[in-house]
Each structure stands twice: as structure tokens, then as C-alpha cells.
Amino acid sequence: MNRTIKKIESTSDLKKIMAAYYSSLAECDSSKKIAWCSSVGPAELLRAMGFEVFFPENHGAMIGASKKAADYISHANAAGYSPDICSYLTSDIGAFIKKETPMKKAAGLDKVPEPDVLVYCTNQCRDVQDWFSWYARHFDVPIAGVESFRGLGELTRDHVNAVSAQIKNLIPTLEKITHTRFDIDRLRKVVELSQRCSSLWKQVLETAASVPAPLTFFDAAIHMGPAVVLRGTSTACDYYELLLKELKQRVSDGTGAVEQEKYRLYWEGMPIWGAHRDLATLLSSHGAGVVASTYCNSWIFDSLDPQDPFDSMARAYAGLFIARTDSWKENYIAQQVEQFNINGIVFHEAKTCPNNSNSMYAMPKRIKTPSVVINGDLNDLRLFSLEQTQIRLEAFLERLD
Amino acid sequence: MFLGIDAGSTEAKAVVVNINGEVLGMGAYRTWTDFTEAAEKAVALALANAGADMDSVKSAVSTGYGRNIQGLAKCAKTEISCHGAGAFKYFPEPLTVIDIGGQDSKIIKIGAKGELLDFKMNRKCAAGTGAFLEETSRRMGSGIGEMNALAANSTQKVELGSYCTVFSFSEILSLSRKGVKKEDLARAVYVSMVKRIMEMDTFAGKVVITGGAVEFNPVLIEIFKEESGINALVPPSPRFAGALGAALFAIKEYNA
Ligand code: SF4
């Protein structure tokens with residue numbers, strides 16, 4: 001079968017925006033402070049306090065996409081980090097030890113921007129804290145974090161209070177670094193922009209509920225770049241307005257991202273960055289569109305509210321999918337299956353991230369929708385075989401026939 | 001006539017059937033590294049066995065690792081669907097098919113109408129596959145047929161604890177140093193394979209075992225029964241089940 005994937009026109013704008021973001025970090029003079037932040041950490045607060053924000057997980061994903069992670073992981077292994085832990089951590093630290101960065105190719109940067117502070121949130125895992133701690137020791141700069149909850153069913157007032165208080169507690173540490181006073185109105189403004197970005201991103205993803213879907217997970221995982229690294233800025237909002245317009249046009253023209261869409265799949269788990277394109281091509285050649293995913297949805301923060309910035313940030317960070325109980329997650333996936341007209345679910349069991357690998361805890365046996373488990377990893381391609389994955393995916397599509 | 005080609009990692013198999021799905025001829029050829037050559041040889045053997053030639057083939061379907069190689073057949077199906085269909089041909093009822101292949105093992109659930117319900121494959125590792133058996137027997141200095149005979153004469157139960165082929169062999173060496181008989185070691189190798197397979201999934205309906213490993217190592221069936229308590233069935237020529245399934249899909253293709 002020779003079906004093609006339709007290219008998204010806005011991609012050229014996306015590339016420019018991302019390159020400009022990386023360059024802005026590189027060009028920071030000493031008057032500007034740089035904070036490293038975990039993907040769903042308190043980025044809104046950091047921006048409101050005037051920091052430039054760098055996201056190591058985005059850098060990790062770039063390393064994965066460059067297919068060079070395995071070269072780097074060995075350096076982190078030699079430094080004492082096991083090959084079985086988060087391969088974002090190991091490949092990122094390894095790349096740093098080897099003095100290489102994929103930002104060189106993307107934006108001409110020789111190295112990652114040096115942090116003045118590292119700020120994490122443990123809503124996703126413990127690895128991120130270990131990861132940031134390595135850099136805090138290396139650069140001898142402060143590290144601060146928000147300890148959030150795991151395995152949450154209901155998000156209660158107590159949970160919100162606990163997280164909200166910790167976000168507020170970061171302020172004195174951050175003020176010492178920036179030598180400026182915290183300004184609540186600036187925070188409200190950033191939260192408002194972040195909320196707008198999240199809402200636009202949600203609308204972008206929801207266009208894929210149309211049949212045929214105008215975008216797939218493979219596109220969305222790339223186009224979510226601004227929602228990850230530029231949330232809380234108008235640049236991100238402007239970009240999603242542009243992308244949304246293009247996708248809405250596709251919907252009204254009846255143009256699908258995958259030619260002759262036959263199957264509609266849901267992706268549960270991390271992308272396999274080094275095989276992202278191969279998998280997109282493989283699935284689309286069979287008319288299979290991955291039209292929704294937990295991963296891309298994780299940057300939708302419905303609760304953000306500029307009128308109530310701290311508590312609403314706490315709700316957004318603590319209420320993340322990854323931090324929930326399995327039954328909460330199963331309900332969530334069932335809603336997605338309904339909303340996006342899903343035929344089947346692909347569970348990516350990532351060897352080095354059990355936090356994002358729900359198949360490890362028997363979820364495929366409990367849900368009603370047909371599913372397949374593929375074994376792989378976010379970054380470590382030595383843990384992935386395209387051949388083995390291809391037969392699983394093709395057999396799965398035969399099963400859906 | 002209809003042709004099914006299983007371009008497997010270890011061996012290419014071909015089966016020729018008539019419109020009723022009755023087997024007319026079979027052929028197999030070792031793959032080494034050239035899928036196309038092995039498949040062509042297997043097809044020639046199967047056609048000769050059926051007393052037919054390529055011109056009489058109305059439709060062909062390929063399966064196996066080399067299924068997508070250009071020129072093999074117009075249509076490709078995965079081994080999962082084909083082994084399921086091949087087993088269902090002999091046992092037309094809800095089944096769990098265990099296929100122990102050269103590179104991978106699969107557990108395939110088939111419904112009452114022969115439909116594919118679900119499947120599991122081994123992870124990226126030789127544990128529980130034909131490759132594990134080949135490697136351990138090679139290192140024990142026994143041919144595959146010999147391993148089967150040895151295991152059949154085992155009198156003492158010993159177990160290998162490791163998943164890994166390399167570590168398993170170290171275990172074999174240390175057990176052998178302790179005086180454990182070759183017969184018991186051979187049996188332990190099969191027990192390890194069966195255990196890896198039993199870990200993959202639960203079983204439902206009748207259990208059928210296909211693939212080269214059971215054809216050449218019938219002792220596996222007995223060991224499977226002993227370990228699982230399940231009386232597994234084996235179709236005729238179990239290593240051809242995938243090629244037979246492909247041939248049956250060729251009939252479907254032709255009728256579609
Ligand atoms: S959630 Fe997984 S991939 Fe992300 S930082 Fe934690 S361990 Fe790594």
C-alpha cells in the first residue's frame with residue numbers, strides 16, 4: 001500500500017519559533033536568569049518572575065529524535081546511572097558529559113544554557129529530581145521543587161493546598177536569584193497566556209475527532225513544542241491560532257492527515273523518538289491514523305485560572321494523568337475512545353519509564369477496547385526493534401479488520 | 001491451486017492447496033540470509049510435491065519475517081493471522097494457538113469462527129523461542145534430534161533459573177560440573193522454553209501448538225502438558241501451519 005502522510009504547512013513557522021526560542025536562551029546576557037524546569041513544573045511562576053525557562057525533557061526528546069541517545073547513555077552509565085532508569089536522564093547527562101547537544105543542529109547552539117536555578121515537580125516521577133540534582137551539583141546552583149502526589153483518585157482540597165503552598169514557598173528562593181520582587185499581576189498575566197495556550201492546544205487536538213482526522217499523534221507530538229517550552233507566552237498562542245486555522249480548513253475540506261483513513265488508534269505512553277517517523281510511515285501505509293494520545297493531551301491544563309493562579313496551577317500540576325490511579329486513567333481513556341471514535345489502542349511499554357507505561361500494570365487486560373502492546377523506549381533504541389514492532393502492529397490491524 | 005509462503009527467519013515453507021483448502025504439496029528450505037532464494041526453493045519443492053507448476057497458481061499470500069519482500073506474493077499477512085488460520089483448519093473451534101518459531105514465540109487467541117481475537121509475542125529476547133533451543137543444543141554439542149531423544153530419557157528434574165540464553169548456558173555448565181546428566185539438562189532446556197511461553201499469556205479454549213520446534217522436538221508437548229496440566233493438540237506438519245494459513249488466505253483473496 002502506498003498511502004502518504006499530508007504535510008502540515010505551519011511546520012515552517014513551528015521550526016522558526018523553536019529555533020528562535022533556543023537562540024534566545026543562548027543569547028541571554030547576565031542580566032537575564034535561566035531556570036531549568038520539569039515539563040509540568042511551575043513554569044508560569046518562573047516566567048512571571050522574569051526567568052528564561054529551559055526544559056530538559058524537551059532537550060531529551062531532541063536527543064531521542066537525533067537517534068544518538070545510545071552513544072550518550074553509555075557515558076551516564078559510566079558515571080553510575082543504570083541503563084534501566086529514565087533514558088531522558090541518561091542520554092541528556094551523557095550528551096552533556098560528551099559536550100554535545102542536538103540544539104547545535106536545530107539552532108546552532110554549542111551547549112545547553114547554564115542554569116541559575118533548577119525547579120522540578122515530582123508529579124511525573126522521581127527520576128526528574130535525580131536528573132536535575134546532577135546538574136545542580138555540577139553547576140553548583142540551587143535546586144528547588146514541588147513534591148506532588150502519585151496514584152491520585154480524587155484531587156481534593158488538601159492535595160491542592162499542599163501543592164499550592166509549595167509553589168508559593170518557591171518565591172523567596174527565586175527572588176534571591178532574580179533580585180526582583182514577585183508581582184502577582186505578572187503571574188496572573190502569564191497564567192492567562194498559559195491557559196489560552198492550553199485551550200488552543202486542546203482545540204488543535206480535538207480537530208482530530210473529525211473523520212478523517214486532520215492530524216495524527218506523530219504530527220502533534222512535534223507541534224506541541226511551543227505548548228511545552230513556550231506556555232505562558234503570546235508566541236505559543238499565536239502559533240496555535242495559525243495551526244488551528246490550517247487544521248480547521250482541512251476538516252472543512254475533508255482532508256485527512258492519513259490518506260484513506262481506515263483505522264483510528266489511540267497511543268498510550270511515550271513516543272519512541274528515534275522511530276517516530278518510521279512508525280508514522282508504517283501505520284499510515286496501512287491507513288491507520290493515531291488520532292489521539294495521552295502524551296499530547298498531557299499539556300492540556302483545563303484548570304488554569306488567572307483569578308486564582310496558585311491554586312489553579314496546583315490543580316493543573318497535581319491533576320496530571322500520570323499522577324492518577326489506574327481506574328482514573330482507564331475512565332479517561334474510555335472517554336477518549338468515545339470522543340475520537342477509536343478502534344484500537346497501542347500501548348507503548350517504554351523500558352526506562354514505567355511511569356508512562358501503563359501496560360506494565362495489566363491495563364490492557366482491563367479495558368474493553370482492543371489493544372496491542374509494543375516494547376520499546378522513549379530514547380534508547382537498543383531497546384526497540386522496528387521489525388518486531390511492525391509485526392505486532394500489522395497483526396493488530398489484521399485483528400481490527 | 002493456491003499458494004501460501006511462510007518466509008520464516010530459520011526456514012522458508014510453502015504449501016499448495018486446492019480451492020477446498022486441502023493440502024496438495026509442501027516444501028521447505030533453510031533461510032540462512034537470503035529470504036527470496038529460500039522462498040523460491042520452498043515454492044518449487046511444494047509445487048513439485050503437488051505435481052503442479054506456477055501457472056496453475058491462482059493466488060498466493062506470503063507471511064513470515066520476509067513477507068513483505070517484493071515479488072514473493074501480491075498480498076502479505078502476518079504470521080499471527082496465518083498460524084491462527086492454519087491451526088483453525090484442523091481444529092475449528094475457539095483456540096489458543098502457541099506458535100514456537102525460530103525467532104519468536106506467539107500466543108494467538110482464535111474465536112469460534114476462526115477470527116483473530118488477541119495475540120501476544122515474546123519480548124525482544126530469544127527466551128522461549130527456537131533460537132534458544134538451537135543455541136543451547138549447539139553449545140551442548142547435540143543436534144536438535146538428539147536433544148529430543150536425550151530429554152525423553154531424563155529421569156531427574158532440574159531447572160534453569162535464567163531468562164538469558166548466555167546465562168542459561170553458564171548454568172548448564174555449572175550443573176554439568178556438579179554431575180547432572182546430559183539427559184536431565186536437555187529436559188531442563190525444554191522446561192525453560194515452556195515456562196517462558198506460559199508467562200506470556202493465559203490460555204482459553206483448546207490449546208494447539210504449531211511451529212518447527214514441536215515438529216522436531218515432540219518431547220515439548222509432553223513437557224508442556226506436565227508443566228501446564230493442559231493436553232495440547234498438534235496439527236499435522238506443525239511447522240507448515242503458517243504457510244497453510246497463508247494458502248487459505250490466498251483462497252479468500254481469490255474469492256474476494
Ligand atoms: S516521566 Fe519518565 S521519561 Fe519523564 S522524566 Fe520521568 S522517568 Fe523520564
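**Ligand shell, domains and chain contact**

Student: Which residues are around the ligand?
Tutor: The shell consists of A:Cys86, A:Tyr88, A:Gln124, A:Cys125, A:Asp127, A:Met270, A:Cys353, A:Asn355, A:Asn356 and A:Leu378, where a residue is near a molecule if one of its heavy atoms lies within 4 Å of it. This is a predicted model, in which local features need pLDDT of at least 70 and side-chain atom pairs count only at pLDDT 80 or more, while totals for chains, interfaces and linings use all residues. Side-chain values use heavy atoms, with hydrogens and water left out, residues are numbered from 1 along each chain as its sequence is written, and chains are lettered from A and ligands numbered from 1 in the order in which they are written.

Student: How does that shell split by class?
Tutor: It has six nonpolar, three polar and one charged residues, with Ala, Val, Leu, Ile, Met, Phe, Trp, Tyr, Cys and Pro counted as nonpolar, Asp, Glu, Lys and Arg as charged, and the others, Gly among them, as polar.

Student: And why does the ligand lie between the domains of chain A?
Tutor: Because domain 1 (11-184) and domain 2 (186-400) of chain A both give residues to the shell around the ligand, the ligand lies between them; the domain bounds come from an automatic or database domain assignment.

Student: How far apart are those two domains, and how many residues are in the contact?
Tutor: The C-alpha centres of domain 1 and domain 2 of chain A lie 22 Å apart, and the contact (heavy atoms within 4.5 Å) takes 57 residues from domain 1 of chain A and 52 residues from domain 2 of chain A.

Student: What area is buried there?
Tutor: About 4600 Å² is buried between domain 1 and domain 2 of chain A, and carbon and sulfur atoms give 63% of it; buried area is the accessible area (1.4 Å probe) that two parts lose on being put together, summed over both.

Student: What about salt bridges and polar contacts between these domains?
Tutor: Between domain 1 and domain 2 of chain A there are three salt bridges, each being a side-chain nitrogen of Lys or Arg within 4 Å of a carboxyl oxygen of Asp or Glu. The polar contacts come to 31 residue pairs, with both residues at pLDDT 80 or more; such a contact is a pair of N or O atoms within 3.5 Å, and within protein one must be able to donate a hydrogen and the other to accept it, while residues adjacent in sequence count only if both atoms are side-chain atoms. On the side of domain 1 of chain A that touches domain 2 of chain A, H8(A) gives the most, with seven residues, and that side of domain 1 has 31 nonpolar, 15 polar and 11 charged residues.

Student: Which residue does A:Arg157 form a salt bridge with?
Tutor: A:Arg157 pairs with A:Asp311, the closest N and O atoms being 2.6 Å apart. The pair links distant parts of the chain, 154 residues apart, with A:Arg157 in helix H8 (residues 157-178) and A:Asp311 in helix H15 (residues 309-318) of chain A; helices (H or I, at least four residues) and strands (E, at least two) are DSSP runs, numbered from the N terminus.

Student: New topic: what is the contact between chain B and chain A like?
Tutor: That contact takes 20 residues from chain B and 19 residues from chain A, and the two chains bury about 1700 Å² between them, 48% of it on carbon and sulfur atoms. Three salt bridges are found across this interface, and A:Arg399 and B:Asp118 meet in a salt bridge at 3.5 Å, N to O. Seven residue pairs are in polar contact between chain B and chain A (both at pLDDT 80 or more).

Student: Which element of chain B gives the most there?
Tutor: S8(B) gives the most to the side of chain B that touches chain A, with six residues, and the residues of that side divide into seven nonpolar, five polar and eight charged.

Student: And how is chain B itself divided?
Tutor: Chain B has domain 1 (1-91 + 240-256) and domain 2 (93-234), whose C-alpha centres lie 25 Å apart. These domains of chain B bury about 1500 Å² between them, 70% of it on carbon and sulfur atoms, and B:Ile80, B:Phe88 and B:Phe91 supply 46% of the area that domain 1 of chain B buries against domain 2 of chain B, more than any other three residues.

Student: Last one: where is the cis peptide bond?
Tutor: The peptide bond from A:Val211 to A:Pro212 is cis, with omega near -5°, and A:Pro212 is found in the loop between helix H9 (184-206) and helix H10 (217-223) of chain A.
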